[in-house]
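Please keep the sequence and the model in view while reading.

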Amino acid sequence: MDVESKSGRSFVRARAALVAGSLGLLLAVGGCGASGDSMDSGAKAADGKAAPREGFADEDGGAAASAAPEEQADGKAAAPKPGGTHVIRTATLSVEVKSVPKAVAAARGAAEGAGGLVASENTERLDDTYETSHLVLRVPQERFQEVLRELAGSGKLLSRTSNAKDVTDQVVDVDSRISTQRASVARVRELMDQAEKISDVVALEGELSSRQSDLESLLAQQASLKDRTSLATITLDLTSPDAPGDDGSKDEDPGFLDALGGGWDAFVTMLRWIAVAFGAAFPFLLTAALAVVVWRVLRKRKAARGAAPVVTAAPAGKEGASAS
């Protein structure tokens with residue numbers, strides 16, 4: 001019994017020693033592997049190319065990628081990219097076309113087909129014969145050149161101007177000021193929630209109203225910049241070939257016949273104005289003439305009465321003496 005118990009104890013001790021040796025060997029191998037991994041990660045960190053741990057998003061790329069969908073889900077506009085530019089594009093075209101109504105319809109179709117709109121349209125008829133049209137078109141920036149070429153090719157191009165203004169700095173400045181102003185409004189509202197005196201509440205309300213007004217003005221500027229940078233403006237003037245003002249002969253030097261015709265037109269115009277003036281003054285002249293005639297008639301009658309002879313009766317004695 002003692003021999004068997006001693007042999008069993010020795011077997012257990014030997015088994016425990018074997019297990020302990022195996023665990024030590026495993027720990028030694030794991031320590032070497034960990035030190036190798038730490039050395040590799042340190043080398044990668046030194047090179048600036050350390051990969052993120054498995055199961056965790058990268059602090060730069062992963063966080064930005066996860067934040068972008070959240071901003072889109074909330075409907076908030078993301079900040080402009082560092083390399084993005086904001087440009088306001090405008091152009092002015094003057095085109096001579098055979099049919100102004102057809103050209104107006106084509107221009108409207110080109111703008112609406114590109115995803116834009118007709119901001120204004122003004123069509124006039126000159127001398128009851130010729131038509132001219134003035135249109136202001138708004139088209140997306142990416143279709144600006146395409147629409148411009150289509151409009152310029154609709155007839156005879158008389159003039160064309162194009163401008164581009166970079167307003168990136170202005171857009172970034174307005175966006176930054178809006179963020180600051182919103183934070184300022186939020187701070188004033190927090191102070192209003194903490195205010196206890198009526199005088200403090202009144203003062204904070206006035207300050208909040210002023211800051212909200214500034215914020216609304218900045219938001220209006222932001223909306224205007226967004227509209228002008230997202231949609232380009234094209235001003236189009238359409239005229240017919242025979243419309244007054246389009247004839248190139250007016251630019252030539254006048255000759256003798258032109259001077260003679262101009263003089264005759266001036267003479268006829270002078271006679272016409274004299275006739276108009278005489279017609280306007282005729283009632284007054286007729287009244288004055290009648291007044292003069294009546295005055296002269298009355299004057300003659302008065303003179304005739306003054307020149308008539310006066311007959312007087314002679315005494316009776318003188319008549320008898322003369323008879324004897």
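Which pattern does the protein follow when read along the sequence? It runs α-α-β-α-β-β-α-β-α-α-β-α-α, with eight helices and five strands in the protein. Helices (H or I, at least four residues) and strands (E, at least two) are DSSP runs, numbered from the N terminus. This is a predicted model, in which local features need pLDDT of at least 70 and side-chain atom pairs count only at pLDDT 80 or more, while totals for chains, interfaces and linings use all residues. Residues are numbered from 1 along each chain as its sequence is written, and side-chain values use heavy atoms, with hydrogens and water left out.

Of the 324 residues in the protein, 17% are buried; the term means under 20% relative accessible area, against over 50% for exposed and in between for partly exposed (1.4 Å probe, protein chains only). The protein exposes about 24300 Å², of which carbon and sulfur atoms supply 58%; such areas come from the Shrake-Rupley method with a 1.4 Å probe, and for residues only the protein chains shown count as cover. Among contacts (heavy atoms within 4.5 Å) with a separation of 6 or more, 76% are between residues 24 or more positions apart.

Two packed helices are described by the angle between their axes and the distance between the axes. Helix 5 (residues 168–194) packs against helix 6 (residues 198–230) at an angle of about 155 degrees, and their axes are 9 Å apart. The angle makes helix 5 roughly antiparallel to helix 6, a term for angles over 145 degrees. Here the axes are lines fitted to C-alpha atoms over the stretch in contact, and angles run from 0 to 180 degrees between N-to-C directions. The contact of helix 5 with helix 6 has 13 nonpolar, six polar and eight charged residues. Nonpolar covers Ala, Val, Leu, Ile, Met, Phe, Trp, Tyr, Cys and Pro, charged covers Asp, Glu, Lys and Arg, and polar the others, Gly among them.

Strand 5 (residues 231–239) contains T235. T235 counts as buried because its relative accessibility is 19%. Not counting residues up to four places away in sequence, T235 touches A91, T92, L93, H134, L135 and V136.

Where does A152 lie? A152 belongs to helix 4 (residues 144–152) and is buried, with a relative accessible area of 13%. Leaving aside neighbours within four places in sequence, A152 is in contact with L93 and L157. A152 and V95 are 57 residues apart in sequence, yet 6.9 Å apart in space, C-alpha to C-alpha.

Terms used:
Parallel < 35°, antiparallel > 145°, perpendicular 65-115°, else oblique.
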